[in-house]
Amino acid sequence: MRDLFDDRADGQTRNESLGVGAVLLRGFCVDVEEEVLAALRQVADAAPFRRMTTPGGYIMSAAMTNCGSAGWVTDRAGYRYDAKDPESGKRWPAMPPVFLDLAMRAAAEAGFEGFLPDACLINRYEPGAKLSLHQDKDERAFDSPIVSVSLGLPATFLFGGLRRRDPQQRVPLRHGDIAVWGGPSRLAYHGVMPLKDGEHPTVGRRRLNLTLRKAL
Ligand SMILES: O=C(O)CCC(=O)C(=O)O
Ligand SMILES: [Mn+2]
């Protein structure tokens with residue numbers, strides 16, 4: 001097995017440590033990007049992107065949808081996972097096999113063997129959209145890592161520590177990169193800076209993010 005910090009087999013990309021249990025896998029998704037984007041279109045067709053409301057009444061700037069047996073939702077009643085899309089009343093679309101396979105391979109590369117996500121939140125950022133500093137803590141347990149896939153326009157990821165006030169690294173996320181954090185970093189604060197305008201050759205004027213988690 002390759003060491004966590006070795007060059008990838010293609011020699012073009014490198015894994016970058018973000019801390020203990022946290023790593024950025026540069027370009028890890030590039031080989032399967034077409035399949036991932038095609039599956040994503042099917043998910044968004046069945047469960048369209050929507051901008052959800054926070055418990056405080058703020059409309060999030062990123063639009064979201066989900067696939068898998070549980071979907072992350074927010075409204076005035078709170079943050080939670082729900083088996084059904086509240087817009088349609090139907091179950092979220094099934095997790096496409098290409099998402100599952102990619103997430104399992106990325107987790108294993110980061111040292112988390114046996115990751116089996118049941119939830120995939122899909123975030124769509126248009127220029128100006130952001131995600132404030134937060135922890136992913138609506139899951140039932142924190143023993144599985146988070147696998148976060150970036151597609152489209154580049155963004156600046158803020159990756160901090162276990163306390164909100166801990167200093168944050170500013171990490172450029174590009175098309176095809178996958179960030180994985182778990183173990184001692186599982187509850188690290190993180191966020192996304194407002195997206196800069198641009199045009200990505202295949203994804204267009206937006207950034208898409210897949211966040212795969214074991215929620216249930
Ligand atoms: O878009 C990203 O890179 C991060 C998404 C995220 O942190 C989340 O959905 O909880
Ligand atoms: Mn998050």
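## Packing of H1 against H2

In this predicted model, H1 passes H2 in a left-handed crossing; a crossing is left-handed if the near helix is turned anticlockwise from the far one by less than a right angle, and right-handed if clockwise. Helices (H or I, at least four residues) and strands (E, at least two) are DSSP runs, numbered from the N terminus. The axes of H1 (residues 33-46) and H2 (residues 97-109) come within 9 Å and cross at roughly 130°. That makes H1 oblique to H2, where angles under 35 degrees count as roughly parallel, over 145 as roughly antiparallel, 65 to 115 as roughly perpendicular and the rest as oblique. Axes are lines fitted to C-alpha atoms, for helices over the stretch in contact, and angles run from 0 to 180 degrees between N-to-C directions.

From H1, Glu35, Val36, Ala39 and Leu40 meet Val98, Phe99 and Leu102 of H2, contact meaning heavy atoms within 4.5 Å. The residues of this contact comprise six nonpolar, no polar and one charged. Here Ala, Val, Leu, Ile, Met, Phe, Trp, Tyr, Cys and Pro count as nonpolar, Asp, Glu, Lys and Arg as charged, and the others, Gly among them, as polar.

## The seven-stranded sheet

Seven strands form an open sheet in the order E1-E2-E11-E8-E13-E6-E3, with antiparallel pairing; two strands pair if DSSP finds at least two bridges between them. Strand E1 (15-19) and strand E3 (63-68) are the edge strands, each pairing on one side only. Neighbouring strands of this sheet are turned by 20° against each other on average, direction ignored.

H1 packs on this sheet and touches E3, E6, E8 (146-152) and E13 (207-213). The direction of H1 makes about 85° with that of E13. E3 and E6 (residues 119-125) run antiparallel and are joined by six bridges. Alanine 63 has arginine 124 in E6 as its bridge partner.

Histidine 134 in E7 (residues 131-134) and histidine 190 in E12 (residues 190-192) are 56 residues apart, a pair that links distant parts of the chain.

E7 and E12 belong to an open sheet of four strands, ordered E7-E12-E9-E10 with antiparallel pairing. Its edge strands are E7 and E10 (169-173). Two bridges join E7 and E12 in the antiparallel sense, and leucine 131 stands opposite valine 192 in E12.

## Basis of the values

Residues are numbered from 1 along each chain as its sequence is written, while chains are lettered from A and ligands numbered from 1 in the order in which they are written. In this predicted model local features need pLDDT of at least 70, side-chain atom pairs count only at pLDDT 80 or more, and totals for chains, interfaces and linings use all residues, while side-chain values use heavy atoms, with hydrogens and water left out.
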